[in-house]
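Biologist: Hi! Could you walk me through this model before I set anything up?

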Amino acid sequence: MIKKMSTSENEFDIPAKNCHRMVIMGSNKVGKTSIISRFLNERVDDQYTPTIEDFHRKLYSIRGDVYQLDILDTSGNHPFPAMRRLSILTGDVFILVFSLDNRESFQEVQRLKRQIYETKSCLRNKTKENVDVPVMICGNKCDKDCYRVVQEEEIEQLVGGDEHCAYFEISAKKNTNVDQMFQTLFSIAKLPTEMSPGRHCKVSVQFCEVLHKKSLRNKKCKDGNAYGIVEPFARRPSVQSDLMYIKEKAIGSQTKEKGCIIC
């Protein structure tokens, strides 16, 4: 989730209910960053660079409403277990990625799914809220001609008939099923499917201010009344901000009259 502030302080006036954080997790070299690159820029970098932690932000104007989606691309090493737990506590939507030719990466996804549910259950017990956790499991690298080490029965068992969990086989490299995967994820999370890469107009950075002011409503666009922009130089909210949010949530602090911070 995102640090909250009063609406009067929030120059862009994005309601808290329209602010969300998507967290992508999985082992090293399974393609997490490539999936995010497809989502944000519709391209991938063939050169592998290990991720420590990357933070991105995308802003949308959809049918006259403004949304903020923060994206946390986590490390596959998890050198700091406390930070991984914090990422889970503050996340609203999760993507768990494994490689179809790497069994260990699938086992890591099994562990992560359990940890997400256990961690969220702990917070839910404190807040007394019935909060569902949207989780998308991705088997990446379906374009590779390789022996699949994970059987369909195992994947079905992991999804477990949970209506808030789904599975897609994708290729971030070839852009296979990536947009469909995001559409399904946002649908499960009860977010506008126009957030998916192929369902909104991409707006250049110079239009960022007018996007917030909702003055693009009358602009003709083949994708309808949906626009998105990747915010440059987005900074991850501080650990202290995340901890304060969790504390407020745990003690039942009311946030209905607050907005999300652009930092």
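Modeller: Happy to. Keep in mind that this is a predicted model.

Biologist: Noted. How many helices and strands are there in the protein chain?

Modeller: The protein chain has seven helices and ten strands. Of its 263 residues, 49% are buried.

Biologist: And what share of the contacts comes from residues 24 or more positions apart?

Modeller: Among contacts with a separation of 6 or more, such residues account for 74%.

Biologist: OK, on to the sheet. What is the strand order in the open sheet?

Modeller: Eight strands make up this open sheet, in the order β7-β6-β5-β2-β4-β3-β9-β8, and the pairing is mixed. At the edges sit β7 (165–169) and β8 (201–202), each of which pairs on one side only.

Biologist: Which helix packs on the sheet and touches β2, β3, β4 and β5?

Modeller: That's α2, residues 81–90. The direction of α2 makes about 140 degrees with that of β2. Helix α4 (residues 152–159) packs on the sheet too, where it touches β5, β6 and β7. For α4, the angle is about 150 degrees with the direction of β7.

Biologist: Let's zoom in on β5. In what sense do β2 and β5 pair?

Modeller: β2 and β5 are parallel, with five bridges between them. As a landmark, G26 stands opposite V97 in β5. Next along, β5 and β6 also run parallel, joined by six bridges. For that pair, F94 has V135 in β6 as its bridge partner, and S99 has N140.

Biologist: Is β5 largely enclosed or open?

Modeller: Largely enclosed by the rest of the structure, because seven of its seven residues are buried.

Biologist: Which residues of β5 point which way?

Modeller: V93, I95, V97 and S99 point one way, while F94, L96 and F98 point the other, and all are buried. As background, side chains in a regular strand alternate between the two faces of the sheet.

Biologist: And β6, is that strand mostly covered or mostly uncovered?

Modeller: Mostly covered: six of the six residues in β6 are buried. On one side are V135, I137 and G139, on the other M136, C138 and N140, and both faces are covered.

Biologist: How many bridges link β6 to β7?

Modeller: Five, and β6 (residues 135–140) pairs with β7 in the parallel sense.

Biologist: Nice. Switching topic: at what angle do the axes of α1 and α5 cross?

Modeller: At roughly 85 degrees, with the axes of α1 (residues 32–41) and α5 (residues 178–188) coming within 11 Å. That angle is why α1 counts as roughly perpendicular to α5.

Biologist: Which residues meet there?

Modeller: From α1 you have I35, R38 and F39, and from α5 there are V178, M181, F182 and F186. By class, the contact of α1 with α5 has six nonpolar residues, no polar ones and one charged.

Biologist: Last topic, backbone torsions. What is phi for K141?

Modeller: K141 has a positive value and is a residue other than glycine. You'll find K141 in the loop between β6 and α4. At 24% relative accessibility, K141 counts as partly exposed.

Biologist: What about K190, where is that one?

Modeller: K190 is in the loop between α5 and β8. Phi of K190 is near 60 degrees, again a positive value in a residue other than glycine.

Biologist: Is K190 buried or exposed?

Modeller: K190 is exposed, with a relative accessible area of 69%.

Biologist: Great, thanks for the tour!

Methods: Residues numbered from 1 in each chain as written. Predicted model: local features only at pLDDT ≥ 70, side-chain atom pairs only at ≥ 80, totals over all residues. Heavy atoms only, no water. Pairing = 2+ DSSP bridges. Helix = DSSP H or I, 4+ residues; strand = E, 2+ residues; numbered from the N terminus. Contact = heavy atoms within 4.5 Å. Axes fitted to C-alpha atoms, helices over the stretch in contact; angles between N-to-C directions. Buried < 20%, exposed > 50% of the residue type's maximum accessible area, 1.4 Å probe, protein only. Parallel < 35°, antiparallel > 145°, perpendicular 65-115°, else oblique. Nonpolar A, V, L, I, M, F, W, Y, C, P; charged D, E, K, R; others polar.
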